[in-house]
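Hi everyone, thanks for making time. Let me put today's model up on the screen.

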Amino acid sequence: MDRDRLNALLDGFARGDLERDELVEMLARLPFQALGDARVDTHRTLRNGFPEVVLADGKTVEQIARIVRVLRDAGGDVLVTRVSAEQARALIAAVPGLEHLAAGRLLALRQTPLVPRGRGVIAVVSAGTSDLAVAEEAALVAEHFGNKVERVYDAGVAGL
């Protein structure tokens, strides 16, 4: 849920497209949705401008898929971090629309226009090849949230 979606709901109610009970039901599901083993924050974008990010580490594919569906169905962008290749394959099959950004071990689903942020460029610098996955995760997350990124890889001791 973001300001645009909330305004659209209120406009729909004002036009008569939504009954009062329908609007109340939609708003009652905000800001969290309890899934038993997870509490999904569908209101975070409205509060601070950024959606909840899902950490895949330690979760089953089924748990991740349920969380992703809630975020997707709430109309927000979805970002899943630290995804293994096996999890990625299963999740792409389970939740259509997810994009695998393998170099950063991410899954992403964009449903809203990308809004440029920041006042400059974020530099992501890594020492060597073993740091590449973490560096690419940082760069792709920053880009997903509308930042410009410059990558400087293999800047370790051997490169001096």
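Predicted model: local features only at pLDDT ≥ 70, side-chain atom pairs only at ≥ 80, totals over all residues.

Residues are numbered from 1 along each chain as its sequence is written, and side-chain values use heavy atoms, with hydrogens and water left out. Helices (H or I, at least four residues) and strands (E, at least two) are DSSP runs, numbered from the N terminus.

First, the helices. α4 (residues 61-73) packs against α5 (residues 85-94) at about 45°, with axes 10 Å apart; axes are lines fitted to C-alpha atoms, for helices over the stretch in contact, and angles run from 0 to 180 degrees between N-to-C directions. Contact (heavy atoms within 4.5 Å) involves Val61, Ile64, Ala65 and Arg69 on α4, and Gln87, Ala90, Leu91 and Ala94 on α5.

Next, the open sheet: four strands in the order β3-β4-β6-β5, with mixed pairing. Pairing here requires that DSSP finds at least two bridges between two strands. The edges are β3 (54-55) and β5 (99-101), each pairing on one side only. β3 runs parallel to β4 (residues 78-81) over 2 bridges, and Val54 sits opposite Val80 of β4. Helix α6 packs on this sheet, touching β4, β5 and β6 (106-109), and its direction makes about 10° with that of β6.

Finally, what pairs with β7 (residues 121-125) in the parallel sense? That's β8 (residues 148-152), over 5 bridges, with Glu150 of β8 as the bridge partner of Ala123. Thanks, all!
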